[in-house]
Amino acid sequence: MPVVQLGDEGRWTNYHGTGTCEAATRFALRSGDAVRGRDELALAAKAVQDWLAAAQAAGRRVRPLGAGWSPSNVNICSQSWLLHTRRFNRCFRIGAYDVRPGVDADELMLVEAGALVDEVSDKLEEQGRSLWTSGAGNGQTFAGACATGTHGSMIARGGIQDHIRAVQVVTPGGVHWVEPAAGVMSDAFIAATGSTPLRDDDLFAALQLPVGALGIVTALVVDSVPKFLVRPIQNLRTVDRTALDWLAAGDFQRFSAAYALDRDPDFVQMIVNPYKPFKRPAMLRFLYREPWRDDYPHATPGELGAGYDALSLLGRLLDDYPWARGALLQYAMKLGYASGPDVDDPPVYGSWGEGLDTHRPLADLFNASVTIDRADLARALEMICTVYARHGGSTVVTLRFMARAEGLLAPARYSHNAVIDFDGPRSERTAAAYARVVEVLDAQGIGFTRHWAKSCRLDAVRVAADYGEDFRRWRAARDRLMPDPAHRALFGSEVLDGLGLTC
C-alpha cells in the first residue's frame, strides 16, 4: 500500500528541534515501482484520499511532512495525523505526447512530492538540465521548499516555487490537477494520474505557495534550464556605506567591481556583523554564471563555498558572553566562512547543484527574515544594525537579492527585493531584538514581509495587511478548491489558524 502507518501514537520533533507534535500518529506515503509516473500518481493519490477520509472520520487534523525543515512550526500540530512524504520521491521524464501543443516537454520533469531539492537537481543534471534557483541548502523536499516560499537569490529570478508548472493536490473532495488557464499537460496525461483538471490562474498561483493549507500536494511538474556553470568568489571585506546605495539602486556590477570581479554577478550575498557593520569585515559571496563545458575541474561543495552552518553553531557562545558579543560574532564569522576562492585564487567552477550543501540540524537555531523593497535597503539596514547594537541579540545579518516571485503569498512581492536574514542562537534576547527590528521598520514606514518557514511573528490581521488583495484571492481560491469548511479545517493547526489560512 502507498500509505503505511509508522508505529503507535507518540511524539514527533521537526528537523531543527524547534517544534514538537504531541500525541501524533505518523504515516508514510511511499513510492511504488510503476514504470510510468502517471500510473504511480493515480495509485498514490487514491490512497491519500482514502487516508484523508479516515483521518476525518477519526476526528484528526492532518499535516503533510517532507523533511520537517521549517523552524516556524507551520508543520506542527499535536493530536494529529502526520503524513511523511520523504519516501515518495521518484522523478520522471515527460514526453512530447504528454504536454499540450506549444509546451516544450524537454524543459519539464514530473516530481513526486517527497523528492529533495538535491534529488531533483541531480536528476535534472543527468538530463543536461538544471534548476535556476534554490535556497542555500538542498535538504528540503522540493514541494516543502515551494510551499513556504524558500527564496532563491539569483538577482534576476524569483523563488523556488517559480519552477512549478503544474500541481497534483488531494483534498477530501477529490484529486485535482491544477495548472494555469493556458494549460501545460495533455488531458490524457491528467486523466491517467487519476486527477480532475483545474485550469485556473488564481488557484495555480495559490498552490505554488500553499503553506501546507490547501490539501496534500502529491506531485509537481517542474521546469528547468540548460545546464550551466557558476564561478564563486568569496572574501572578507570592509564594505563602505556608499556601497549600500549601489545595491539599493541595482548597480550590482559596480559593487562587484569594488569587491570581486568587474562584471555583472548573478548572485550577491553579504553577511554583516550588526555590531559596527562598516568597520568590521563583511563576508561577501558572488556567483557568476558561465557556459557549460564538460571538462571543468570538479570542486567540492566546500571549495565552492557551500554552507555556513558554523555561524549558527558558534553563535551559541554569544549568549554566554554578551559583553563581547560583537568581537565573538566576528570570530565566529571568520571561522564559519570558507576561505576563498577569492579574485586572485585559481578559479573554481561547479554546476548549480554542486554549490548546494545539506545543513546539519541546529537545535538552538534562531532563524528569521524580512523582505523589503530593494530601494529601502540602505535606510533599513542601518536601522536594523542600530537595534542590535542598542538592544542585544546574537545574529548575523545576511543580505541577498532577487526579483519578484510567483505565488499569491510569495514574500518577495516587490519588483526588486532585498531579503534580510537573521541567523543565530535561539534565545529570549535574540527573539526580543528581532521583535524590536519589526517595530522599528513599522514605525519608520518601511514595508516588509516575512518568510513563512522562519520565525515570523505573524497573525491573521498582519497577513491580511501585508498581502492585501492577493490574500483575498488566495482565500477565494482555497474556497473554490475546498468549499466545505470542514475540509479546510482538516488541514489546519494552531499556527495556520492563527495566520488566517485555514479558517
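# Strands and helices in a predicted model

Guide: The axes of helix H6 (residues 241-248) and helix H7 (residues 252-259) come within 7 Å and cross at roughly 145°. Axes here are lines fitted to C-alpha atoms, for helices over the stretch in contact, with angles from 0 to 180 degrees between N-to-C directions. Helices (H or I, at least four residues) and strands (E, at least two) are DSSP runs, numbered from the N terminus.

Visitor: Which residues in H6 and H7 meet?

Guide: Ala243, Trp246 and Leu247 in H6 meet Phe252, Arg254, Phe255, Ala258 and Tyr259 in H7. Contact means heavy atoms within 4.5 Å. The residues of this contact divide into seven nonpolar, no polar and one charged. Ala, Val, Leu, Ile, Met, Phe, Trp, Tyr, Cys and Pro count as nonpolar, Asp, Glu, Lys and Arg as charged, and the others, Gly among them, as polar.

Visitor: Where do these coordinates come from?

Guide: This is a predicted model, where local features need pLDDT of at least 70 and side-chain atom pairs count only at pLDDT 80 or more, while totals for chains, interfaces and linings use all residues. Residues are numbered from 1 along each chain as its sequence is written, and side-chain values use heavy atoms, with hydrogens and water left out.

Visitor: What does Val239 touch?

Guide: Not counting residues up to four places away in sequence, Val239 touches Phe255, Tyr259, Met270, Phe278, Ala282 and Leu284.

Visitor: New topic. How many of the residues of strand E10 are buried?

Guide: Six of the six residues of E10 (residues 174-179) are buried, so this strand is largely enclosed by the rest of the structure. Gly174, His176 and Val178 lie on one side, and Val175, Trp177 and Glu179 on the other.

Visitor: Why two sides?

Guide: In a regular strand the side chains alternate between the two faces of the sheet.

Visitor: And which strands pair with E10?

Guide: Strand E9 (residues 164-171) runs antiparallel to E10, joined by five bridges. Two strands pair if DSSP finds at least two bridges between them. A hairpin joins E9 to E10 through two residues, and Val170 stands opposite Val175. Strand E11 (residues 196-199) pairs with E10 in the parallel sense over four bridges.

Visitor: How does the chain get from E10 to E11?

Guide: The chain crosses through helix H4 (residues 187-192), and this β-α-β crossover is right-handed. Right-handed means that, with the strands pointing away from the viewer, the path from the first strand over the helix to the second runs clockwise.

Visitor: What about the sheet of eight strands?

Guide: That open sheet has the order E17-E14-E16-E15-E19-E20-E18-E21, with antiparallel pairing. Strand E17 (350-351) and strand E21 (448-449) stand at the edges, each with a single partner strand, so one side of each is left without a neighbour in the sheet.

Visitor: Which helix lies across E19 and E20?

Guide: Helix H10 (residues 377-391) lies across strand E18 (365-373), E19 and E20, running at about 160° to E19. E19 (residues 396-403) and E20 (residues 416-425) pair over eight bridges, and Met402 stands opposite Asn417 in E20.

Conventions:
Buried means under 20% relative accessible area, exposed over 50%, partly exposed in between (1.4 Å probe, protein chains only).
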